Amino acid sequence: ALVDLPATIDYILQATAFDQVSFVGHSQGCALMLALLAKYTEYNEKISVNIAMAPVVHAKLIRSPMLVSFFRSANQSRALNLLPPQEYFFMSGAVQQFFLNGACQVPISVASCVMTTEAMFGQSSRISTMQYKRYWQSWPSSTSYWNALQWSQMYSEPKPAFTAFNYGPEYNLTAIRAPTVLFSGGRDVLAADSDIALTRQKLAAGGSLAGWNAQDDYSHMDFIWDSEGASRLVYPLVLRALASMPAQQRT
């Protein structure tokens with residue numbers, strides 16, 4: 001959030017004739033941009049519009065049974081907290097290859113794989129089993145243990161908070177000035193309704209909330225995996241927001 005993302009933005013602006021970029025994120029990608037805009041407020045001038053689809057911000061409010069179980073075990077284990085910032089085992093390259101090599105393509109395992117996926121993201125009424133099998137050819141993707149640990153740390157906070165790694169200071173979302181449009185799903189257990197409501201409240205207090213759209217029957221991954229439905233229900237609204245707040249060219 002504070003290293004790679006600003007470097008990417010600065011490179012784009014340096015390589016183009018623009019003073020701003022438009023940003024579209026999903027899930028943790030939204031949290032990265034919010035952290036950057038809250039911490040380094042000068043980047044608010046470099047973002048014409050920040051579009052956040054299913055933004056996961058306050059881990060305390062996550063309702064995913066799988067992730068809540070991990071958060072609790074990680075916070076209670078001294079051994080886990082001493083591990084170096086290596087790949088988190090359950091999302092490691094080795095485990096990823098296990099799935100990509102066909103573990104969820106075998107008929108006997110498909111039902112349990114669907115159940116596991118939806119326990120993590122929320123039940124979807126829009127993604128068919130055939131679609132899941134196609135997405136399992138490229139998902140899950142790996143992540144570092146420290147990335148997973150940061151979310152477990154935020155889950156252990158006494159109240160919902162969006163904080164830096166290792167119980168660092170809270171990111172002040174009211175300091176964000178870049179226009180931000182939120183998209184949420186009623187069946188999403190990662191970016192849960194209560195999380196969306198708190199994020200909306202903070203952005204509105206700072207004056208950056210430029211819009212909010214709720215898809216009542218959407219789960220977390222429907223925004224990117226429901227290709228047919230999202231093309232009708234979500235993406236036209238994204239394109240409209242991009243067109244209404246275009247990035248400014250350098251003068």
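Is A54 buried or exposed? At 0% relative accessibility, A54 is buried (buried means under 20% relative accessible area, exposed over 50%, partly exposed in between, with a 1.4 Å probe and protein chains only). The model is predicted: local features need pLDDT of at least 70, side-chain atom pairs count only at pLDDT 80 or more, and totals for chains, interfaces and linings use all residues. Residues are numbered from 1 along each chain as its sequence is written, and side-chain values use heavy atoms, with hydrogens and water left out.

**Sheet and packed helices**

- Four strands make up an open sheet with parallel pairing, in the order β1-β2-β3-β4 (strands are DSSP runs of E, at least two residues, and helices are runs of H or I, at least four, numbered from the N terminus).
- The edge strands, β1 (21-26) and β4 (209-215), each pair on one side only (two strands pair if DSSP finds at least two bridges between them).
- From one strand to the next, the twist averages 10° (axes are lines fitted to C-alpha atoms, for helices over the stretch in contact, and angles run from 0 to 180 degrees between N-to-C directions).
- Six bridges join β1 and strand β2 (residues 47-53) in the parallel sense, and S22 has V49 in β2 as its bridge partner.
- Helix α2 (residues 28-39) packs on the sheet and touches β1 and β2, its direction making about 145° with that of β2 (contact means heavy atoms within 4.5 Å).
- Helix α12 (residues 235-244) also packs on the sheet, touching β1, β2, β3 (180-185) and β4, at about 165° to the direction of β2.

**Loop residues**

- A54 lies in the loop between β2 and α3 (65-76), and its phi is near 50°, a positive value in a residue other than glycine.
- Most residues other than glycine have a negative phi.
- N166, in the loop between α8 and β3, is not a glycine but has a positive phi of about 65°.
- N166 is exposed, with a relative accessible area of 53%.
- T163 is found in the loop between α8 (145-155) and β3 and is buried, at 4% relative accessible area.
- Leaving aside neighbours within four places in sequence, T163 has contacts that include Q150, M154, E157 and Y171.

**Lining of the largest cavity**

- Residues lining the largest cavity include T117, F121, Y132 and W225 (a cavity is a set of points on a 1 Å grid over the protein atoms alone where a 1.4 Å probe fits but cannot get out, and lining residues have an atom within 4 Å of a point).
- Helix α6 (residues 107-121) supplies the largest share of this lining, three residues.

How values were computed
On a 1 Å grid over the protein atoms alone, a cavity is a set of points where a 1.4 Å probe fits but cannot get out, and a pocket is an open set with protein on both sides within 12 Å along at least five of seven lines; lining residues have an atom within 4 Å of a point.
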